[in-house]
Amino acid sequence: MTQDDAFAADLLRGHTDTIVLGVLRDGDRYGFEIYKAIRDATGGDHEIKEATLYATYRRLEKDGLAESYWGDETQGGRRKYYRITDAGRAVYRGKVAAWVATRRIIDSLLDVKGTEK
């Protein structure tokens, strides 16, 4: 892992809850589905460790931002599904708005428009 990769991983780590809430906006999912959705959305460039994800699920449930239920055993073992709550949707929208504002400020400060001097 390069220093740039470590910096990017640290930035992403701070947004794990928002990333999971974003995945759940499209519908209920079980744990491994969420993992795969995140991995696939980045073309495999970013994966969140299983332990981190399960800690996130617990935190989101505790905060009332997501809730879980056990699914049917139609294929293999019984799976625990997660769904976003109305409070989770509100928090997600707020976090995305904050990220967009932050990104605009950072882009301005770093002058990423391609004007290297």
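**A quick tour of the model**

Of the 117 residues in this protein, 25% count as buried (buried is under 20% relative accessible area, exposed is over 50%, and partly exposed is in between, with a 1.4 Å probe and protein chains only). This is a predicted model, where local features need pLDDT of at least 70, side-chain atom pairs count only at pLDDT 80 or more, and totals for chains, interfaces and linings use all residues. Residues are numbered from 1 along each chain as its sequence is written, and side-chain values use heavy atoms, with hydrogens and water left out.

**Overall layout**

- The protein has 5 helices and 3 strands; these are DSSP runs numbered from the N terminus, with helices being H or I of at least four residues and strands being E of at least two.
- Reading from the N terminus, the elements go α-α-β-α-α-β-β-α.
- The C-alpha trace spans about 60 × 30 × 20 Å along its principal axes.
- Take the contacts (heavy atoms within 4.5 Å) between residues at least 6 apart in sequence: 47% of them join residues at least 24 apart.
- The accessible surface comes to about 8,400 Å², and carbon and sulfur atoms hold 50% of that; areas come from the Shrake-Rupley method with a 1.4 Å probe, and for residues only the protein chains shown count as cover.

**The sheet and the helix on it**

- The 3 strands make an open, antiparallel sheet in the order β1-β3-β2, where two strands pair if DSSP finds at least two bridges between them.
- At the edges sit β1 (29–30) and β2 (66–70), each pairing on one side only.
- β1 is joined by 2 bridges to β3 (residues 80–84), and Y30 stands opposite Y81 in β3.
- Helix α2 (residues 16–24) packs on this sheet and touches β1, β2 and β3, with its direction at about 95° to that of β3; axes are lines fitted to C-alpha atoms, for helices over the stretch in contact, and angles run from 0 to 180 degrees between N-to-C directions.
- α2 is mostly covered, with 7 of its 9 residues buried, including V20, L21 and V23.
- T56, in helix α4 (residues 50–62), counts as buried because its relative accessibility is 0%.
- Leaving out residues up to four places away in sequence, T56 touches T16, D17 and V20.

**Salt bridges**

- There are 6 salt bridges, each being a side-chain nitrogen of Lys or Arg within 4 Å of a carboxyl oxygen of Asp or Glu.
- D10 and R13 form one of them (2.5 Å, N to O), and both lie in helix α1 (residues 3–13), 3 residues apart, or about one turn of the helix.
- R39 and D40 meet in another (3.2 Å, N to O); R39 is partly exposed at 24%, while D40 counts as exposed at 52% relative accessibility.
- K62 pairs with D63, their closest N and O atoms being 3.9 Å apart; K62 is exposed, with a relative accessible area of 70%.
- D28, E67 and R83 are linked in a network of salt bridges.

**Along helix α5**

- I105, I106, L109 and L110 form a nonpolar surface patch with about 420 Å² of accessible area together. Patches take residues with over 30% relative accessible area and no salt bridge, joining like charges within 9 Å and nonpolar side chains (Val, Leu, Ile, Met, Phe, Trp, Tyr) within 5 Å.
- L110 lies in α5 (residues 86–110), and it counts as exposed because its relative accessibility is 58%.
- A98 also has its place in α5 and is partly exposed at 40% relative accessibility.
- A98 and I34 are 64 residues apart in sequence and 23 Å apart in space, C-alpha to C-alpha.
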